[in-house]
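Hi,

Here is the structure I promised to send over. Have a look at it first, and then read on for what turned up.

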Amino acid sequence: MPRRLPPVPDPLLAVAGRQAGLVSVGQCLEHGVTRDQAAAHVRRGDWQVAARTVYDVGPAHGTHPVDHARRRAAVLGVLAHPGAVATGLCALVLHGVLGAPQVVEPEVTLPTGAARRPRPPVRLRRIVVRARTAPGGFPAATVPDALVQAVPALDRRPVRPGIVLRLDR
């Protein structure tokens with residue numbers, strides 16, 4: 001008979017709620033969930049592996065699905081590479097800039113621009129950026145730097161006329 005899993009601690013679920021449903025292995029351990037327990041949640045289908053060392057423990061409630069997907073991509077990169085800084089569109093999303101495309105690919109850089117083995121699906125850029133803490137506590141490139149990184153990859157024509165990038169503050 002399979003052993004019963006202890007309930008997921010409410011503080012860990014609260015962390016996941018602030019992080020678009022994602023938690024890192026380190027956050028699990030901090031809240032008393034062992035690697036074996038996390039693996040059991042994945043085997044049972046309660047959780048999914050979002051990237052190496054990052055689990056998707058369920059959707060965040062009360063957010064639009066597209067906004068959730070954008071935020072999830074931005075948070076995923078930072079959680080998958082501890083100490084990394086969100087770049088490009090991910091940094092813009094974390095700073096609250098509106099008008100990002102519906103699909104945002106996770107991307108980060110290390111503060112020094114050093115190389116590290118990437119953790120798919122996260123793109124690891126080798127650039128040095130000025131970082132600051134974005135709302136929510138995640139390290140992100142400054143808005144001007146993030147715009148410089150994001151604009152070359154954006155389609156020149158907006159999906160809907162009149163939609164432009166806008167900072168809400």
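A residue is called buried here when its relative accessible area is under 20%, exposed when that value is over 50%, and partly exposed in between. By that cut-off, 44% of the 169 residues of the chain count as buried. Before you dig in, please keep in mind that this is a predicted model.

Some overall numbers to start with. The chain has six helices and ten strands. Its accessible surface comes to about 10000 Å², and carbon and sulfur atoms account for 56% of that. If you take the contacts between residues at least 6 apart in sequence, 57% of them join residues at least 24 apart.

Now the helices. Helix 5 is mostly covered, with eight of its eight residues buried. You'll find G88, L89, C90, A91, L92, V93, L94 and H95 on that list.

Helix 6 (residues 143-150) is another story to look at. Its buried residues are V143, D145, A146, Q149 and A150. Because these cover an arc of only 160° around the axis, they sit on the same side of helix 6. P144 and V148 are exposed on the other side of the helix. And what do the buried residues of helix 6 pack against? The partners are helix 5 (88-95), strand 5 (97-98), strand 7 and strand 9 (139-141).

Next, the backbone. Most residues other than glycine have a negative phi, and most peptide bonds are trans.

- A20 isn't a glycine, yet its phi is positive, at about 60°. The residue lies in the loop between helix 1 (10-18) and strand 1 (22-24). Is A20 buried or exposed? It counts as buried, because its relative accessibility is 4%, and the cut-off for buried is under 20%.
- T53 isn't a glycine either, and its phi is positive at about 75°. You'll see T53 in the loop between strand 2 (48-51) and strand 3 (54-56). At a relative accessible area of 27%, T53 is partly exposed.
- The peptide bond from P120 to P121 is cis, with omega near 10°. P121 belongs to the loop between strand 6 (107-109) and strand 7 (123-125).

Strand 2 and strand 3 pair in the antiparallel sense, over three bridges. Within that pairing, V49 stands opposite Y55 in strand 3. The hairpin of strand 2 and strand 3 has two residues between the strands, and that is where T53 takes its positive phi near 75°.

As for V54, its C-alpha atom is separated by 6.6 Å from that of L79, with the two residues 25 apart along the chain.

That's the lot from my side.

Cheers

Key:
Residues are numbered from 1 along each chain as its sequence is written. This is a predicted model: local features need pLDDT of at least 70, side-chain atom pairs count only at pLDDT 80 or more; totals for chains, interfaces and linings use all residues. Side-chain values use heavy atoms; hydrogens and water are left out. Helices (H or I, at least four residues) and strands (E, at least two) are DSSP runs, numbered from the N terminus. Buried means under 20% relative accessible area, exposed over 50%, partly exposed in between (1.4 Å probe, protein chains only). The arc is that of the directions from the helix axis to the C-beta atoms. Contact means heavy atoms within 4.5 Å. Two strands pair if DSSP finds at least two bridges between them. Accessible areas come from the Shrake-Rupley method with a 1.4 Å probe; for residues, only the protein chains shown count as cover.
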